[in-house]
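This report describes the arrangement of a sheet and of a pair of helices. The sequence and the structure are shown first.

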Amino acid sequence: MSIPLIEARGLVKSYGSFRAVDGISFAVQQGECFGFLGPNGAGKSTTIRMICCTSPIGGGELHVAGLDPSRQARAIKARLGIVPQEDSLDPDLPVRQNLEVYARYYGVPRALARERIAESLALFQLTEKAESPVGDLSGGMKRRLVIARSLVNDPEILVLDEPTTGLDPQARHLVWQKLRMLRARGVTMLLTTHYMDEASHLCDRLVIMHRGHILAEGNPHDLIRDYAGEVVLELRMGTGDRAPLLGELTGIDGVAIEEVEDIVYIFEAGDAARQLAARIADPALAFLRPGNLEDVFLRLTGRGLLD
Amino acid sequence: MTAIATRPDLSIGSYRVWQRNRDVTFRLWRTEFIGVVVEPFIVILALGLGLGQFVELSSGEEYVAFLTPGLLAMFPMFAAVFECAWGSYVRLEMQHTNDAIVATPVSVDDVITGEILWGTTRSMVNAVYILLVAILLNPWLHMVESPWALFIIPLSLVPGVLFSAISICFASLARAMSQFSYFFNLIINPMFWFGGAFFPIGELPGWAQTLAWFVPLTHVVELYRGFITGEFAWSMLGDLAWVVVTALVFYWLALAGMRRRMVQ
């Protein structure tokens, strides 16, 4: 494997006695889309902020493009494109000027900036809105503009912190399409999300974070195979009815059972689960479906809410 | 306390932030400049001509002429304060403008320095405008007695930095917009009334004169008065030193305060 573009070893960040990031290690290769998946408060955004040099690292080692965030912040930031969680567009400036002013922070020469901005506005379907106030844009357009803004310096690494939170399905799919296109162009991407479908759509590889730790790492398919199994059986029946059925399944090698309120999830149950579903023969009571990232996530992080 | 001991991390980025604020001001120029343009006339008419008829100064000076250095110190002070207290807080906390900027190669110190430079610029533009108004009205009101008054233009840089930096310091501490009423009512407003702009400090009781010495605006007014009248005193060097040193101290505190707030 080549030298990783981003590498963390034993990375730590504490706020008082609270360890937001508790000794995590990972490596991001050139050209891949790397995801941080986890519930709110897992430490995803804190990790991202340390990579972006807006938050000093609290311990361990971190290198971005071979550079040290504590000493070479400006050089690192020059290579990054940032799509922050909250819209930080400049409300005092119209769409095009938002990008022009932003390009100036990177010291992009004016003519080059103009060229890139025209191209970006076209790419993100914002050309018609170029002179509009930012406040007039819809949520989806604002997100697209933030992504367009993150490209003004032609970044090597694009950092996306929950890029589609709060968007409607159409807007999300449009954003995903643009991100896939950027990935195809070879831009390395770092993505945090708590949407499982977003992670499986976009990520080549991801880590699942929980309470400042990395619980699992891999590509989405392997994670699903390893933690959820190809087939997941959902039983929707009362405690009394399901107890004898669960008895049949326990003890089979690898099988895992999660009971959540009125639904039981049976992971990695294989043939026994298929037979059980066939015998019940009522999809309202027993439902077989492919495993997904959400299963992985729930199995690893438990079902309790964090906040 | 490492935030205070750290050397400023500055670059061309400070100028980029200044440019951003300039561009926004030009976009919104109608609303931004109406007060600036109109207010001095209102004050000169109301205080100079209205109230002035009833005021007899022991120096024998016309009241409207006495007011000139005060106006030159006070309005630019407000320009800096509005830009760097409310303006900075809005950009920091409500618009997240600063968060977006520090994600680029521009540092927190650059952002704060750029903000202070822009507050200073507006403050200086304001001083130039008031001086212009005073010179235009000179044939009738005799507001400016000496050509030395032109030196106030470069000098206004120093109070511009001072009042901008004080405002940023407060913005770095404020937890809500409403808290600016403390800043305005306990710091800016008393400074406005007791800074020697409206009456000679020398007429106050001793303890009040001592108190007035600690008010930054007092020294700015004294300094400007010398240049407006062309009557120089050694004490003006002390006034200048007072303002320069205080400006540097508050600039340092503004950087430390904002680092503490923005870097976590």
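## The sheet of chain A

In this predicted model, chain A holds an open sheet of six strands in the order β5-β6-β7-β3-β8-β9, with mixed pairing; strands are DSSP runs of E of at least two residues and helices runs of H or I of at least four, numbered from the N terminus, and two strands pair if DSSP finds at least two bridges between them. Because β5 (80–83) and β9 (213–218) of chain A stand at the edges with a single partner strand each, one side of each is left without a neighbour in the sheet.

Strand β3 (residues 33–37) of chain A runs parallel to β8 (residues 205–210) of chain A and is joined to it by four bridges, with A:Ile208 of β8(A) as the bridge partner of A:Leu37.

## Helices on the sheet

Helix α1 (residues 44–51) of chain A packs on the sheet, where it touches β3, β6 (157–161), β7 (188–193) and β8 of chain A, contact meaning that C-beta atoms, placed from the backbone, lie within 7 Å.

Helix α11 (residues 293–301) of chain A also packs on the sheet, touching β3, β8 and β9 of chain A.

## Numbering and confidence

Residues are numbered from 1 along each chain as its sequence is written, while chains are lettered from A and ligands numbered from 1 in the order in which they are written. Local features need pLDDT of at least 70 and side-chain atom pairs count only at pLDDT 80 or more, whereas totals for chains, interfaces and linings use all residues.

Note on methods:
Contact = placed C-beta atoms within 7 Å. Axes fitted to C-alpha atoms, helices over the stretch in contact; angles between N-to-C directions.
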